[in-house]
Amino acid sequence: MLDLPPDEFRSAADAVTAAAAQFLAELDARPVFPATSGEQTAAIFGGPAPEEGLGSVAFEDLALVAAHARATNARFFGYVHGSGEPVAALGDLYASVLNQNVTAWRSSPAAITIERTVAGWLADAIGCPGFAGAFTSGGSMANLMGLAMAREVRAPANEEGARPALVYASEEAHMSVPKAMALLGIGRANLRPIPVDDDFRMRVDALDAAIAEDRTAGRHAIAIVATAGTVNTGAIDPLEDIARVARDNDLWLHVDGAYGAPAALAVPDRFTGLALADSISLDAHKWLYQPLDCSLLLFRDTAIARTTFAFTGDYARSFATDAVEGFAFFEESIELSRRFRALKLWLSLRYHGLARFREAIAADLAHARLLARLVQSEPALELLAPVELSAVCFRVNDGGDQAALDRHNAEILQRVVRDGRVYLSNATIRGAFALRACFVNHRTTDDDVAAIVAAVLAAR
Ligand SMILES: Cc1ncc(COP(=O)(O)O)c(C=O)c1O
């Protein structure tokens, strides 16, 4: 019997919530990276599957998992990774218990309706009313879907296969963009990297020139990918100007807002032109504080999504004539079986309200500005890029040539992470190795920001 009687489930759930509550209570006291090695984790978690079950003893080892996990606490600033909003975590538990397959309305009436509703809420919240959307596992998948739509509209490939086609994106575009080009059969070599200005924003004059040159040479272009919040520095490409170029040249405009787009809730003026996109990626597991995974692809035209993604086997065809009851996500996205990703965000948004999210994002922006000021006021530190959103790139500069500085800062980063008080990641800024702190963390306080400078100086 695999099933659990209701009272056994309740006591098991109590044990898990107790372990989770303990983890959260101790989170800020935990080292950001566990003191462990590959050999140790293999010894603990490797080995054969048990032939006989352990029963409730199995739950006891959850604490071991936590002890060997990265603690994404208030001083975790690596990559674009927050602390995981706890109400949303409860939503994930409930979503798993409900075990909905969010394929079509008839498979899951509430889940389908909630996902479509939450997509609409986010579209409205970032100033893109009328956009529809589908939740995905992450920004990489959302970018892949956005470019798949671009390809199907401008260089149809679903029947006969793909052919090379050009896509323009800035040099600072995320690695998921060339990856999508490869997977879509368009080819990575056909991604035209457009130079950036001093603020790491795509240069529209260079974009114009590249498009004109390719047209003269008879090359076929299909899309521009603008980034609203680059992974390295948080730069926002000039969306309005890029949208004009896209329109003038009949190119699809995909905006990679996986990291930055949620900030349109707090600072909408910086995202002027976002609503002119054809498709937009937005990761709720980045700057809406959701536990992984929870990303959204928004798009303007559902008919194009259906042209791109619908290929329905007879066994999945709907008999409904009602537009709501006949709706199927598998006709507007890559996936067939899909988890109920929107539930946690629905719960989290209803529990806290949009205003709290705006405040949390504004606090992250303020923390980034604070770190930039602290770096600038410390003679041994050097700010390496302007702070547009919440990513701060800097380095220790005690003198020496570029190679020595790069080596020194790479060593400092490793020491900081090993020390366990603060987690930073790195970026390459104009060829230089940078320490990078990214604030998408609702637990962070001003003291945690100050801890970054202290940890880096101590690791010199
Ligand atoms: C700008 C940008 N786009 C796309 C992605 C990819 O998102 P994911 O890791 O959710 O696939 C990231 C991740 O950091 C990002 O910063």
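Residues are numbered from 1 along each chain, in the order in which the sequence is written. Because the model is predicted, local features are reported at pLDDT of at least 70 and side-chain atom pairs at pLDDT 80 or more, whereas totals for chains, interfaces and linings use all residues.

The chain contains 16 helices and eleven strands; these are DSSP runs numbered from the N terminus, with helices (H or I) of at least four residues and strands (E) of at least two. For 460 residues, a compact globule would have a radius of gyration near 23 Å, and the chain agrees with this, having 23 Å. The radius of gyration is taken over C-alpha atoms, and the globule rule is 2.2 Å times the number of residues to the power 0.38. Along the principal axes, the C-alpha atoms fill a box of roughly 65 × 60 × 45 Å. Of the 460 residues, 43% are buried. A residue is termed buried if 20 or more other C-beta atoms lie within 10 Å of its own, exposed if 12 or fewer do, and partly exposed in between, with C-beta atoms placed from the backbone. Among contacts with a separation of 6 or more, 73% join residues 24 or more positions apart; two residues are in contact if their C-beta atoms, placed from the backbone, lie within 7 Å.

The ligand is surrounded by 17 residues, of which the closest are Gly 138, Gly 139, Ser 140, His 174 and Ala 258. Helix H7 (residues 139–154) gives the most to the shell, with three residues. By class, the shell holds five nonpolar, ten polar and two charged residues. In this classification Ala, Val, Leu, Ile, Met, Phe, Trp, Tyr, Cys and Pro are nonpolar, Asp, Glu, Lys and Arg are charged, and the others, Gly among them, are polar.

Helix H14 (residues 354–376) and helix H16 (residues 446–458) have axes that come within 10 Å and cross at roughly 35°. Axes are lines fitted to C-alpha atoms, for helices over the stretch in contact, and angles run from 0 to 180 degrees between N-to-C directions. On the H14 side the contact is made by His 367, Leu 370, Leu 371, Leu 374 and Val 375, and on the H16 side by Asp 446, Val 449, Ala 450, Ile 452 and Val 453. The residues of this contact comprise eight nonpolar, one polar and one charged.

Backbone geometry was examined next. Most residues other than glycine have a negative phi, and most peptide bonds are trans. In the loop between helix H11 (284–287) and strand E7 (295–299) lies Asp 293, and the peptide bond from Leu 292 to Asp 293 is cis, with omega near -10°. Tyr 289 lies in the loop between H11 and E7 and has a positive phi, near 70°. Tyr 289 is buried because 28 other C-beta atoms lie within 10 Å. Arg 430, in the loop between strand E10 (425–429) and strand E11 (432–438), also is not a glycine and has a positive phi of about 45°. Arg 430 counts as exposed, since it has 11 C-beta neighbours inside 10 Å.

Val 102, in the loop between helix H5 (86–98) and helix H6 (109–125), counts as buried because it has 26 C-beta neighbours inside 10 Å. The C-alpha atoms of Val 102 and Ser 337 are separated by 6.6 Å, although the two residues are 235 residues apart along the chain. Beyond its neighbours within four places in sequence, Val 102 is in contact with residues including Ile 112, Phe 329 and Phe 340.

Tyr 79 lies in the loop between helix H4 (62–67) and H5 and counts as partly exposed, with 16 C-beta neighbours inside 10 Å. Tyr 79 and Ala 437 are 358 residues apart in sequence and 7.7 Å apart in space, C-alpha to C-alpha. Outside the four places on either side in sequence, Tyr 79 is in contact with Ser 425 and Cys 438. By contrast, Pro 5 and Leu 207 are 202 residues apart in sequence and 63 Å apart in space, C-alpha to C-alpha. Pro 5 lies in the segment before helix H1 (6–26) and, with 8 C-beta neighbours inside 10 Å, counts as exposed.

Note on methods: A residue is near a molecule or strand if its C-beta atom, placed from the backbone, lies within 6 Å of it.
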